Amino acid sequence: MKVDGVYQQHGQSVIVLVDPEERTALLAEDRCFVPAYLGAYGWLGVDLTDDIGWDEVGELLDASYRRTAGARRITLLDSRRR
């Protein structure tokens with residue numbers, strides 16, 4: 001991520017694709033950032049180096065997967081949760 005013309009690295013982070021409304025809310029938090037290249041397409045980075053709630057990370061990953069996976073994969077995912 002570039003900040004004032006200088007790249008800022010996030011050593012431990014995850015990149016997710018979330019709903020536009022959720023993206024706006026998450027960007028208000030210091031731990032979230034717009035990643036290079038993919039950020040222009042709606043992807044969002046979440047820095048994992050701070051004290052993070054892993055349940056929330058799991059929810060973000062699940063939501064991101066559901067936005068990118070095909071219908072059969074989502075059906076398979078849902079069938080494993082029962």
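Me: Is Asp78 buried, partly exposed or exposed?

Reply: Buried means under 20% relative accessible area, exposed means over 50%, and partly exposed lies in between (1.4 Å probe, protein chains only). Asp78 has a relative accessible area of 28%, so Asp78 is partly exposed. The model is predicted: local features need pLDDT of at least 70, side-chain atom pairs count only at pLDDT 80 or more, and totals for chains, interfaces and linings use all residues. Residues are numbered from 1 along each chain as its sequence is written, and side-chain values use heavy atoms, with hydrogens and water left out.

Me: Which residue forms a salt bridge with Asp78?

Reply: Side chains of opposite charge can pair when their charged atoms come close. A salt bridge is counted when a side-chain nitrogen of Lys or Arg is within 4 Å of a carboxyl oxygen of Asp or Glu. Asp78 pairs with Arg66, and their closest N and O atoms are 2.6 Å apart. This pair links distant parts of the chain, with Asp78 in helix H3 (residues 71–80) and Arg66 in helix H2, 12 residues apart. Helices (H or I, at least four residues) and strands (E, at least two) are DSSP runs, numbered from the N terminus.

Me: How many salt bridges does a search of the whole structure find?

Reply: The search finds five. One of them joins Asp19 and Arg67, whose closest N and O atoms are 2.8 Å apart. Asp19 sits in the loop between strand S3 (13–17) and helix H1 (20–27), while Arg67 is in helix H2 (residues 54–68), 48 residues away. Asp19 counts as partly exposed because its relative accessibility is 34%. Arg67 is partly exposed too, at 42%.

Me: Which residues make the nonpolar surface patch?

Reply: Patch residues have over 30% relative accessible area and no salt bridge; like charges are joined within 9 Å, and nonpolar side chains (Val, Leu, Ile, Met, Phe, Trp, Tyr) within 5 Å. Accessible areas come from the Shrake-Rupley method with a 1.4 Å probe, and for residues only the protein chains shown count as cover. Here Ile15, Tyr37, Leu38 and Tyr41 make a patch of about 510 Å². Leu38 is in the loop between strand S4 (32–33) and strand S5 (43–47).
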